[in-house]
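Hello,

Here is the structure I promised to pass on to you. Please open it next to this message, and then read on for what turned up in it.

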Amino acid sequence: MPRNIVPMAFSLVNQPFNDKDWQYEIKWDGFRTVAYCFGDQVDLFSKNHKSFNKKFSAIKHELERMKLNAVLDGEVVMLDQDGSPNFSNIISAERTGLLVFYVFDLLWYKGRNVLELPLYQRRNILKSIIAKSETVRFSDHVNEKGIELFDMVQEHRVEGIVAKHKQSIYSPGYRTNQWLKIKTGQQVKAVIAGYLLDKDKNAFSSLIIGRKIDDSYKYIGLVAAGVGQQTLKKVLESKTTNKPIFSPVPNVNRSSPFRNPIKNPQIVWLKPELKCEVQYLELDRFGIMRHPTFKRLVDT
């Protein structure tokens with residue numbers, strides 16, 4: 001049995017689509033998890049191969065009870081009383097809700113590497129071996145009707161959908177055009193207040209985003225996804241300032257469930273001249289965007 005598989009990644013696209021050669025699933029809002037099951041010996045790992053055995057012990061115990069001989073890929077989520085995934089609950093100390101492992105792929109089964117099998121065959125096997133359980137569930141899909149599924153999850157404020165070609169093989173650690181993610185969300189017009197650099201890598205990390213409220217600015221988060229080279233060129237050419245527009249100055253390099261802080265950051269503050277549109281799923285309890293994606297620069 002392999003022990004260190006890096007999960008296959010998704011490419012981000014803007015619009016849902018219908019295609020008979022594709023299947024569509026809910027994009028679960030939780031922690032990507034790979035489960036290594038060898039009878040009653042089970043280990044859970046994050047996509048960065050950090051142990052989830054303690055964090056999700058209820059999932060581990062349920063998989064031990066199932067006595068599978070398989071490597072599973074899926075997402076651990078916390079469902080609220082309406083049955084919707086709630087990320088705020090899963091990272092909360094209280095953890096109110098039902099913890100569920102939605103399994104959507106099979107990577108190894110009974111001594112056989114099945115990565116090269118087409119997706120539809122892997123999932124047929126997977127569905128046959130996942131016993132009925134409250135806490136470990138097969139993540140179902142719909143065929144062809146991606147637009148209809150997207151409209152439904154958007155109405156229920158779910159993070160989005162994923163689209164997978166039925167013939168796709170599993171490519172550990174790779175981001176391909178065979179697995180796509182399409183996010184729902186809200187849009188906000190905001191200002192680019194600065195940017196964050198990783199000095200160790202000598203590379204751009206994230207834009208620092210603020211929103212004007214009355215006569216002051218509120219920090220609403222960092223965004224890296226969707227920032228293209230043309231946008232980055234304009235940002236790097238913008239006028240800098242020693243005085244940030246926020247008061248008090250936020251800790252933009254803080255640790256969160258979505259990112260690790262940069263060890264050697266450089267923060268560059270800008271004059272509030274560049275405006276943009278950012279799409280996000282929702283604001284957390286601190287007013288910070290969750291799952292933000294840069295859309296475009298705007299004139300006003």
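Helix α4 spans residues 146-155, and its buried residues are G146, L149, F150 and V153. Around the axis of α4 they take up an arc of only 100°, which puts them on the same side of the helix. An α-helix has 3.6 residues a turn, so residues three or four places apart point the same way. The elements that cover the buried residues of α4 include β2, β9, β10 and β11. Just after α4 comes R157, which has a positive phi of about 55°. Please keep in mind that this is a predicted model.

Which of the residues of α5 are buried? They are T231, L232 and V235. Looking down the axis of α5, you will find its buried residues within an arc of 95°, so they line one face of the helix. Q229 and Q230, on the other side of α5, are exposed. The buried residues of α5 pack against β12, β13 (203-213) and β19 (293-298).

**The open sheet**

Next, have a look at the open sheet of 5 strands, whose order is β1-β11-β10-β2-β9 and whose pairing is mixed. At its edges stand β1 (9-12) and β9 (142-144); each has a single partner strand, so one side of each is left without a neighbour in the sheet. On average, neighbouring strands of this sheet are turned by 40° against each other, direction ignored.

Within the sheet, β10 (residues 160-165) and β11 (residues 175-183) run antiparallel and are joined by 5 bridges. Which residue of β11 does I161 stand opposite? That residue is I182. Helix α3 packs on the sheet, where it touches β2 (19-26), β10 and β11. The direction of α3 makes about 45° with that of β2.

**Two nonpolar cores**

The largest nonpolar core has 28 residues, and F56, L63 and L72 are those with the most contacts inside it. Several elements each supply at least two residues of this core, among them β3 (31-39), β4 (41-46), α1 (57-66), β6 (98-109) and α3 (119-129). Which strand gives the most to this core? That is β5, with 5 residues.

Leaving aside residues up to four places away in sequence, L63 touches A35, C37, G39, V42, L44, L68, L72, F101 and V136. Another core, of 20 residues, lies apart from the largest one, and V188, I220, V223 and M289 are among its members.

**A hairpin and an exposed lysine**

β13 and β14 form a hairpin with 2 residues between them. In the turn, D214 has a positive phi of about 60°. β14 covers residues 216-223; it runs antiparallel to β13, and 7 bridges join the two.

Is K189 buried or exposed? K189 is exposed, because its relative accessible area is 53% and the cut-off for exposed is over 50%. K189 is found in strand β12 (residues 186-198). Between the C-alpha atoms of K189 and A163 there are 28 Å, and these two residues are 26 residues apart along the chain.

**Aromatic pairs**

The structure holds 11 aromatic pairs. One of them joins F17 and Y24 in an edge-to-face arrangement, 5.7 Å centre to centre and with 75° between the planes. F17 counts as partly exposed at 22% relative accessibility, whereas Y24 is buried, with a relative accessible area of 1%.

F31 and F56 are both buried, and F56 is one of the residues with the most contacts inside the largest core. Elsewhere, F10, Y170 and W179 form one aromatic cluster.

Enjoy looking around, and write back with any questions.

Best wishes

Key. Residues numbered from 1 in each chain as written. Predicted model: local features only at pLDDT ≥ 70, side-chain atom pairs only at ≥ 80, totals over all residues. Heavy atoms only, no water. Core = buried A, V, L, I, M, F, W, Y, C linked by side-chain atoms within 4.5 Å. Buried < 20%, exposed > 50% of the residue type's maximum accessible area, 1.4 Å probe, protein only. Helix = DSSP H or I, 4+ residues; strand = E, 2+ residues; numbered from the N terminus. Contact = heavy atoms within 4.5 Å. Pairing = 2+ DSSP bridges. Axes fitted to C-alpha atoms, helices over the stretch in contact; angles between N-to-C directions. Arc of directions from axis to C-beta. Phe/Tyr/Trp six-rings, centres within 6.5 Å; stacked < 30°, edge-to-face > 60°.
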